[in-house]
Amino acid sequence: LDLSEKQLGQIQSHAVTAVQQSAREPNPSAAGFLNLEKAVDRSVLTADQRTAYEAIKKKKPMRSLK
């Protein structure tokens, strides 16, 4: 996705928040990943990066969240 250093830092910050917010969920790993993905999509990625990420997800969807 050709992320900038600033974007990588933002993603790391969002990851900490996502882990904290999902700690009490039945499946914390899955919830944390989904929270992180939503936050990054909403506030870090550019429109072109979002389009590229969607194409990656279509080509290689997650097989399991376990």
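Select Ala18 and show what lies around it: beyond its neighbours within four places in sequence, Ala18 is in contact with Gly32, Asn35 and Leu36. The model on screen is a predicted one. Ala18 belongs to helix H1. With a relative accessible area of 3%, Ala18 is buried, since the cut-off for buried is under 20%. Ala18 and Ala39 are 21 residues apart in sequence, yet their C-alpha atoms are 8.5 Å apart in space.

Next, select the whole of helix H1, residues 5-22. How far apart are its end C-alpha atoms? They are 26 Å apart, which agrees with the 26 Å that 18 residues should span at 1.5 Å a residue.

Within H1, colour Gln7, Ile11, Ala18 and Ser22, which are buried. Because these residues cover an arc of only 40° around the axis, they sit on the same side of H1. In an α-helix there are 3.6 residues a turn, so residues three or four places apart point the same way. To see what covers the buried residues of H1, show helix H2 (28-43) and helix H3 (47-59), which are included in that cover.

Turn the view to the face of H1 directed away from its buried side. There you find the exposed residues Glu5, Lys6, Gln12 and Gln20.

Is Asp2 buried or exposed? Asp2 counts as exposed, because its relative accessibility is 74% and the cut-off for exposed is over 50%. The backbone is also worth a look here: phi of Asp2 is near 55°, a positive value in a residue other than glycine.

Now select Ile11 again, this time together with Val40, Val44, Leu45 and Tyr53. These 5 residues make up the largest nonpolar core. Pick out Val40 from this set. Leaving aside neighbours within four places in sequence, Val40 is in contact with Ile11 and Leu45.

The last stop is Glu37, in helix H2. Glu37 counts as buried, because its relative accessibility is 18%, which falls under the 20% cut-off. Which residues does Glu37 contact, apart from its neighbours within four places in sequence? They are Tyr53 and Lys57. Tyr53 is also one of the residues of the largest nonpolar core. To finish, display the side chains of Glu37 and Lys57: a polar contact of 3.3 Å joins them.

Definitions and conventions:
Residues are numbered from 1 along each chain as its sequence is written. This is a predicted model: local features need pLDDT of at least 70, side-chain atom pairs count only at pLDDT 80 or more; totals for chains, interfaces and linings use all residues. Side-chain values use heavy atoms; hydrogens and water are left out. Helices (H or I, at least four residues) and strands (E, at least two) are DSSP runs, numbered from the N terminus. The expected span of a helix is 1.5 Å times one less than its number of residues. Buried means under 20% relative accessible area, exposed over 50%, partly exposed in between (1.4 Å probe, protein chains only). The arc is that of the directions from the helix axis to the C-beta atoms. Contact means heavy atoms within 4.5 Å. A nonpolar core is a set of buried Ala, Val, Leu, Ile, Met, Phe, Trp, Tyr and Cys residues joined through side-chain atoms within 4.5 Å. A polar contact is a pair of N or O atoms within 3.5 Å; within protein, one must be able to donate a hydrogen and the other to accept it, and residues adjacent in sequence count only if both atoms are side-chain atoms.
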